[in-house]
Amino acid sequence: MSYIQTKRWNVNKSNNQKNYRENIAEAALWLKAGKVVAFPTETVYGLGGNIMDDDAVKAIFQAKGRPNDNPLIVHIARREQLNALVSEIPPAAKELMDAYWPGPLTLIFKASKNVSAAVTAGLETVAVRMPAHPVAYDLLLEADVPVAAPSANLSGRPSPTTADHVWDDLEGRIAGVLDGGTTGVGLESTVLDVSGESPVIYRPGGLTFEQIAEIVGHVEVDPALLSESETPKSPGMKYTHYAPKGSLTLVRDNNDIPELVAQARNEGHRVGVLTTEQRKQSYDCDFAFACGSDDDLLSTAAQLYTGLRQFDTEQIDVIYSEVFPEHGVGIAIMNRLRKAAGGRIV
């Protein structure tokens with residue numbers, strides 16, 4: 001694709017408020033005009049395009065190198081905008097929106113005829129969420145159009161949690177980046193299908209199974225999350241994703257990591273370990289990244305993608321990762337690590 005001059009706006013609210021409003025207004029105007037703009041949400045940075053403009057939607061796929069059979073999530077700022085996007089709003093969806101919107105929850109509805117097949121990848125459903133980040137909210141409110149926004153990274157790479165991550169992947173490929181600092185949750189939204197008889201989790205994320213079940217009771221899980229032989233139905237789950245450039249392997253027993261590291265270093269590799277603060281000094285490797293703390297999975301989630309990208313910065317070509325407890329947000333952490341490792345686990 002041809003080079004695009006990419007603009008970067010500083011939208012940290014601690015800076016001049018007048019400049020903040022002007023930057024939001026300009027980025028919103030660009031979105032309405034069909035340009036593609038990256039912006040922070042509370043999960044990861046999203047790459048936004050006006051869903052009413054098929055050329056803008058196509059530009060998202062082109063900038064990311066994203067397969068066009070991978071549906072996009074539509075972002076809105078006002079609940080009323082949902083009416084034009086979906087054909088019905090089930091009672092369970094209303095309860096979940098009351099509880100968790102705005103927030104890291106994407107809901108899949110039966111789509112109305114207003115939604116382009118370019119957004120839904122030809123499916124009869126559409127995924128919608130209302131982000132909680134103040135910059136995302138102000139931008140979407142100002143633009144006043146539904147915005148398709150997958151993660152703002154090259155397809156297959158770790159999702160971006162800072163504007164620098166976006167810049168590294170997409171500078172010269174998109175119109176602009178709203179720099180709102182580091183995101184909070186650090187993992188993508190939970191994707192929940194509410195278009196059928198029972199709610200089904202298609203992608204674990206920032207909102208946990210337990211939090212959803214607390215509102216709607218019975219919740220099912222997409223079989224593809226439990227079996228590699230099943231075809232996943234959610235954005236980010238269908239292809240190898242979140243991967244660093246080096247070869248990543250998950251290791252069930254931390255005691256096995258030193259021997260694996262030594263063997264790989266003897267073979268001439270630069271070796272890294274993804275661990276926690278408690279064991280960062282335990283490994284004789286070229287680079288160890290402490291991904292949060294043993295007793296705080298939320299801190300692990302927030303730093304996961306930064307860690308995976310840092311291995312690239314350190315030119316690490318073999319990476320071993322500890323595994324994390326699979327409860328709460330740990331389910332989403334391990335889901336992303338398995339995808340990043342391409343299923344390699346010892």
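# Strands, burial and a cavity

Analyst: In this predicted model, Ala 148 of S7 has Gly 49 standing opposite.

User: What makes S3 and S7 a pair, and in which sense do they run?

Analyst: Pairing takes at least two bridges between two strands. S3 and S7 have 2 bridges, in the antiparallel sense, so they meet the cut-off.

User: What about S2 and S3: how many bridges do they have, and in which sense?

Analyst: Strand S2 (residues 37-40) and S3 share 4 bridges, again antiparallel, so they count as a pair by the at-least-two rule.

User: Why is S3 called largely enclosed?

Analyst: A residue is buried under 20% relative accessible area. For S3, 6 of the 6 residues count as buried, so the rest of the structure largely encloses the strand. Tyr 45, Leu 47 and Gly 49 point one way, Gly 46, Gly 48 and Asn 50 point the other way, and all are buried. Side chains in a regular strand alternate between the two sheet faces.

User: How do you know where the empty space inside the protein is?

Analyst: You roll a probe the size of a water molecule over the atoms, and that shows where space is left empty. Here the structure holds 1 cavity of 30 Å³ or more.

User: What lines the largest cavity, and which residues lie nearest its centre?

Analyst: A lining residue has an atom within 4 Å of a cavity point. There are 22 of them, with Ala 149, Pro 150, Ser 151, Glu 188 and Arg 203 nearest the centre. Strand S3 (45-50) and strand S4 (73-75) supply at least two lining residues each. Sorted by class, the lining has 9 nonpolar, 9 polar and 4 charged residues. Gly counts as polar in that sorting.

User: What makes H10 an enclosed helix?

Analyst: The under 20% cut-off again. Helix H10 (residues 330-340) has 9 of its 11 residues buried, so it is largely enclosed by the rest of the structure. The buried set is Gly 330, Ala 332, Ile 333, Met 334, Asn 335, Arg 336, Leu 337, Lys 339 and Ala 340. Their cover includes strand S10 (200-203), strand S12 (247-251), strand S13 (271-275), helix H9 (297-313) and strand S15 (318-322). After the helix comes Gly 342, with a positive phi near 60°.

User: Why is S14 called an edge strand?

Analyst: Start with the sheet: 4 strands form an open sheet, ordered S12-S15-S13-S14, with parallel pairing. S12 and strand S14 (287-290) are the edge strands, each pairing on one side only. From one strand to the next, the twist averages 20°. Inside that order, S13 and S15 pair in the parallel sense over 4 bridges, and Leu 274 has Ser 321 in S15 as its bridge partner. Helix H8 (residues 257-266) packs on the sheet, touching S12, S13 and S15, and its direction makes about 175° with that of S15. H9 lies across S12, S13, S14 and S15, at about 170° to S14.

User: What makes the phi of Asp 144 worth a look?

Analyst: Most residues other than glycine have a negative phi. Asp 144 isn't a glycine, yet its phi is positive, near 55°. It is found in the loop between helix H5 (134-143) and strand S7 (147-148). Gln 315 has a positive phi too, about 55°, and is not a glycine; its place is in the loop between H9 and S15.

User: Why do Asp 144 and Gln 315 get their accessibility labels?

Analyst: Exposed means over 50%, buried means under 20%, and partly exposed is in between. Asp 144 is at 42%, so it's partly exposed. Gln 315 is at 62%, so it's exposed.

User: What is Ser 195 in contact with, leaving aside its sequence neighbours?

Analyst: Contact means heavy atoms within 4.5 Å. Beyond neighbours within four places in sequence, Ser 195 contacts Ile 108, Phe 109, Lys 110 and Thr 125. The C-alpha atoms of Ser 195 and Lys 110 are separated by 5.6 Å, with the residues 85 apart along the chain. Ser 195 itself is in the loop between strand S9 (190-193) and S10.

Terms used: Residues numbered from 1 in each chain as written. Predicted model: local features only at pLDDT ≥ 70, side-chain atom pairs only at ≥ 80, totals over all residues. Heavy atoms only, no water. 1 Å grid on protein atoms, 1.4 Å probe; cavity = no way out; pocket = protein on both sides within 12 Å on 5 of 7 lines; lining within 4 Å. Points joined across faces, edges and corners; volume = space filled by probe spheres on them. Buried < 20%, exposed > 50% of the residue type's maximum accessible area, 1.4 Å probe, protein only. Axes fitted to C-alpha atoms, helices over the stretch in contact; angles between N-to-C directions.
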